[in-house]
Amino acid sequence: MSDAALYGLCSAVLVGVGLYGTIVQPQPLQKILAFNIVGSGTFLLFGVIARRGAAADMGGDPVPQAMVITGLVVAFSATALAVALLLRLHDEAGRADDAPTPPATDDETSGC
Amino acid sequence: MSVLRDLFTIVLVSAGAVFFLAGTAGLLRFPDPLTRLHALTKADNLGLGLIVIGLLPQADGILAGLKLVVVWLLAQLAGAAATRLVARATGRPG
Amino acid sequence: MSVGPALDAGLALLASALAVWVVLARQAFGAVVGFVAFGLVLSLAWLRLGAVDVALTEAAIGSGVTGAVLLAAVTRLHCARPVVAAARCGRRTRAISIASAGLVSAGLAALVLSPTDPAPTLAPQAAAALPELGVGNAITGILLAYRSVDTLLEKIVLLLALAGIWSLARDGAWGDRPAPPGSGRRDGTLTLLGQVLPPLGIVAGIYIVWVGADAPGGAFQGGAILAAMWILALMARLADPPVVGRIGVRLAVGIGPIVFLAIGFAGFALPGGFLSYPAGFAKPLIIVIEVALTFSIAVVLGLLVLGPSARGTQR
Amino acid sequence: MAEFLIAMAGVVLAVVSVGLARVLWGPADADRLMAAQLLGTGSVAAVLLLAAAVGSPAIVDAAVILTLLAAFAIAAFVSSQFDSDATADLPRDQQQ
């Protein structure tokens, strides 16, 4: 089996595992991680396509590789935003715990 | 000459790998966090160091070799500081 | 070469196993550490796939800076009560999710195993046009010349994410300093690390940007290293986080896209198109854009790690 | 020679990834982090070996980045860890 096919299978596994985690994982932080794994799997798929397009003295097609670099940066900014939202939610929940009646925070749980 | 050079690389790189093995074994088998940290630093310093020294004859040019040494020094510095910080985080006075 | 495939198989297995661990771990800290390890393994996989540029980015951003954000977040979440009463899914939901995720995986695997022949590639075109740009690294050429609109929009995405994070600040803290990373406790070792590592890291970051024209490297990777060194100095309390409302901070954040856009619009006047470079000036313009971008990327990534403003953080 | 170096990269990675069992077992968070640090050092070694095998000096840059950011990630962990120690005994409204 060629290295491209091997990593291609790996990317398929990563997307599946990440998708499962995104749906099933109850902890919001791990949901974010699982979603990032879906992203990594997708990027790896791009890497495999790039590898197959190796030509002109290059190890791989540079166009998908450049798109992955862009994608990694975007994925990071989305993750940072998601984590900041989560921390803020956490602060609000912690504050609300001291109040007599906790407000509805079931947005997270109702999806599951 | 080239045979001798390759032999040097093979011996030192293998020795480095052995230190990684020892470090991992220590990390898995030692009873408490501080002794495990002790095992880890062996792999960090000696394992990587031996591999870098072993690779030096394979580097083409002085600059490339220098970069290898810089990587090792950086790893040393970072590893030493990180070890102390982790030791502190285990909750005992470092 | 019989050992190569074995190494590839090992890396693919390790990555998959770590992904499973991250998704199924019962304890968030273990999951985060697993994720950082997963990033490391992936950057090795990228090296094996011949994509050194991507490996550098994955190591710097995918594993390093993301890892720092997650590690800091997980300790903050750890020491208090859980946010939401985490409802576990029922057995039926699990079964349906496993089936659908498996279906997606199987579909992707089938696609991967039936490659088109000849494989589509733009490598020859990219290589043929490179001498015109005067840039040796095809990926830098693509990011800053052929598909520079993507790169520009990506910068805008970074700015949007930053605006989103800043808008999570409480009313009283609006435009003030973000909380410094870590704790207020000074520690000798941390101070030493904060004093010694950033100078070396800044040299390494600038070097990575500089070689990016002709060898793997570039603005993203270099910018991420610079951002990490800045955050390290802030952790060691060698500097204070900036007051984000200040005009200087806004300018630092925007200078990269501004220069990019200015040169882009100048393209209308000179060679006749948005983001097209006049013949012979491609390389100097690319370098100007790259330097401005690196600076902005470093500042934005750092501010993304710092998070929203918080009041009363000056000690 | 290239084959030997690639094989050694695989050996070091295999050895070090066995240590990842500590991420699963713990018990302390520091143990999990130690396993990750070991994987980091092992990856740096593997990258250097691969660079020598392929004969591409650019790959060494990946090792530089990995080393720098491993130190950074550990500092991030430890300094936030201090945070939870330091504020654990404060009343809640003073933690923010």
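This is a predicted model: local features need pLDDT of at least 70, side-chain atom pairs count only at pLDDT 80 or more; totals for chains, interfaces and linings use all residues.
Eight residues of chain C take part in the contact, touching seven residues of chain B.

On the chain C side, Asp187(C), Thr189(C) and Leu193(C) lose the most area to chain B, and together they make up 54% of what that side buries. The number of salt bridges between chain C and chain B is zero.

## Two helices side by side

Now let us turn to chains B and D. Helix 1 of chain B (residues 2-29) packs against helix 3 of chain D (residues 29-54) at an angle of about 170°, and their axes are 11 Å apart. An angle over 145 degrees counts as roughly antiparallel, which is why helix 1 of chain B is described that way relative to helix 3 of chain D.

The crossing of these helices is left-handed. Helix 1 of chain B contributes Val13(B), Phe20(B), Thr24(B) and Leu27(B) to the contact, while the residues from helix 3 of chain D include Met34(D), Leu38(D), Gly42(D) and Leu49(D). Sorted by class, the contact has eight nonpolar residues, three polar ones and no charged ones.

## A charged pair between chains

Over all chains, the structure holds four salt bridges. One salt bridge pairs the side chains of Asp31(D) and Arg36(B), at 2.8 Å from N to O. Asp31(D) sits in helix 3 of chain D and Arg36(B) in helix 2 of chain B (residues 33-55), so this pair joins two chains.

Terms used:
Residues are numbered from 1 along each chain as its sequence is written. Chains are lettered from A and ligands numbered from 1 in the order in which they are written. Side-chain values use heavy atoms; hydrogens and water are left out. Axes are lines fitted to C-alpha atoms, for helices over the stretch in contact, and angles run from 0 to 180 degrees between N-to-C directions. Helices (H or I, at least four residues) and strands (E, at least two) are DSSP runs, numbered from the N terminus. Angles under 35 degrees count as roughly parallel, over 145 as roughly antiparallel, 65 to 115 as roughly perpendicular and the rest as oblique. A crossing is left-handed if the near helix is turned anticlockwise from the far one by less than a right angle, and right-handed if clockwise. Contact means heavy atoms within 4.5 Å. Ala, Val, Leu, Ile, Met, Phe, Trp, Tyr, Cys and Pro count as nonpolar, Asp, Glu, Lys and Arg as charged, and the others, Gly among them, as polar. Buried area is the accessible area (1.4 Å probe) that two parts lose on being put together, summed over both.
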